[in-house]
Amino acid sequence: MQRVLIAPSILAADSSRLADEVRQIEQAGADWIHCDIMDGHFVDNISFGPGMVATVRKLTSLPLDVHLMIQHPDHYLPRFVDAGANSITVHVEPESEHAVGKTLRQIRDAGCRAGLTLNPATPFELLEPFLGQLDLLLIMTVHPGFGGQSFRAEQMEKVRQAKNWKTKNNPSLDLEVDGGINPETAKISIENGANVLVAGTSIFKSKDYAAEIRALRGE
Ligand code: DX5
Ligand code: ZN
């Protein structure tokens, strides 16, 4: 059984105390830090850019897991590489307007781990041509754009499909879920095959970050 990795999403953190928040989640046992990049075009919200990622880079040595919910990620990704990203995940939907295979090569050539993700409405089949190019596969369990949404259990079908592919083809592939993850939905996600859990609200709105992270891991 792979150890379950926890990636708090700093979108839910109190940005007025960012340095404190990052230090606290690192001490609380976080494995990665999830950075949600939204451009107001691919998703109906605007979050932050490479500057904020560079700031978090200075605050921690934890891996930075950058989730690009933007159009033309291939154009902007060098800035996230320079900012200190360790893994960069792009969307497969045509609305993100990039050549997916080429972008994934660009990410790996830049020395980062390559991630691919899909929205709840997107069929798993759209990913299949690219599965061999991945270090990380992210199954969205909410429609991207906002934290605090409810978990969509029907997406577990895709997690099972991904787990099957991973078992047969690449056991070191990280299988991540993102959106509405709390101790209850974390348990469901792990049972279906996920080994990396992104959580924003459940961690940053909790009173005890360490206890919440242990609960997400099912400890
Ligand atoms: C949503 C983002 C998620 C979100 C998670 O588009 O990709 O990472 O911030 O937040 P919670 O855990 O609150 O659903
Ligand atoms: Zn995310």
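What is the geometry of the site of the zinc ion (ligand 2), with its six donor atoms? Octahedral, with angles of 72 to 169 degrees among those donor atoms. For six donors, that label asks for opposite donors over 155 degrees apart and all others between 65 and 115.

Before I go on, a word on the ground rules. This is a predicted model, where local features need pLDDT of at least 70, side-chain atom pairs count only at pLDDT 80 or more, and totals for chains, interfaces and linings use all residues. Residues are numbered from 1 along each chain as its sequence is written, chains are lettered from A and ligands numbered from 1 in the order in which they are written, and side-chain values use heavy atoms, with hydrogens and water left out.

Okay, back to the zinc. Who holds it on the protein side? His34 through NE2, Asp36 through OD, His67 through ND1 and Asp178 through OD, lying 2.0 to 2.4 Å from the zinc ion (ligand 2). A donor here is an N, O or S atom within 2.8 Å of the metal (3.2 Å for Na, K and Ca), and water is not among the atoms, so sites may look incomplete. Along the chain, the spacing of the donors reads H-x1-D-x30-H-x110-D. His34 and Asp36 are both buried, and buried means under 20% relative accessible area, while exposed is over 50% and partly exposed is in between (1.4 Å probe, protein chains only).

Next stop, the aromatics. Searching the whole structure turns up one aromatic pair. Phe204 and Tyr209 make it, edge-to-face, at 5.6 Å centre to centre and 75 degrees between the planes. The rule for Phe, Tyr and Trp (its six-membered ring) is centres within 6.5 Å, with planes under 30 degrees apart called stacked, over 60 edge-to-face and the rest tilted. Both Phe204 and Tyr209 are buried.

Now look at Glu212, in helix α8 (residues 209-217). Helices (H or I, at least four residues) and strands (E, at least two) are DSSP runs, numbered from the N terminus. Glu212 is buried, yet it has no salt bridge. That would take a side-chain nitrogen of Lys or Arg within 4 Å of a carboxyl oxygen of Asp or Glu. The nearest side chain of opposite charge, Arg214, is 9.6 Å away; in this count Lys and Arg are positive, Asp and Glu negative, and His and the chain ends are left out. Leaving aside residues up to four places away in sequence, Glu212 touches Pro183, Ser202, Ile203 and Ser206, where a contact is heavy atoms within 4.5 Å.

Let's compare two other spots. Why does Val159 count as buried? Because its relative accessibility is 0%. Val159 is in helix α5 (residues 156-169), and beyond four places in sequence its contacts include Ile139, Leu175 and Val177.

Ile46 counts as exposed, because its relative accessibility is 64%. You'll find Ile46 in the loop between β2 (33-38) and α2 (50-59). Ile46 and Met69 are 23 residues apart in sequence and 9.6 Å apart in space, C-alpha to C-alpha.

His72 has a positive phi of about 55 degrees although it is not a glycine, and it lies in the loop between β3 (64-69) and α3 (73-83). Glu97, not a glycine either, has a positive phi of about 50 degrees. Glu97 lies in the loop between β4 (87-91) and α4 (100-109). His72 is partly exposed at 34%, and Glu97 is partly exposed at 42%.

How values were computed. Four donors count as tetrahedral if all angles lie between 85 and 135 degrees; four count as square planar and six as octahedral if opposite donors are over 155 degrees apart and all others between 65 and 115; anything else is irregular.
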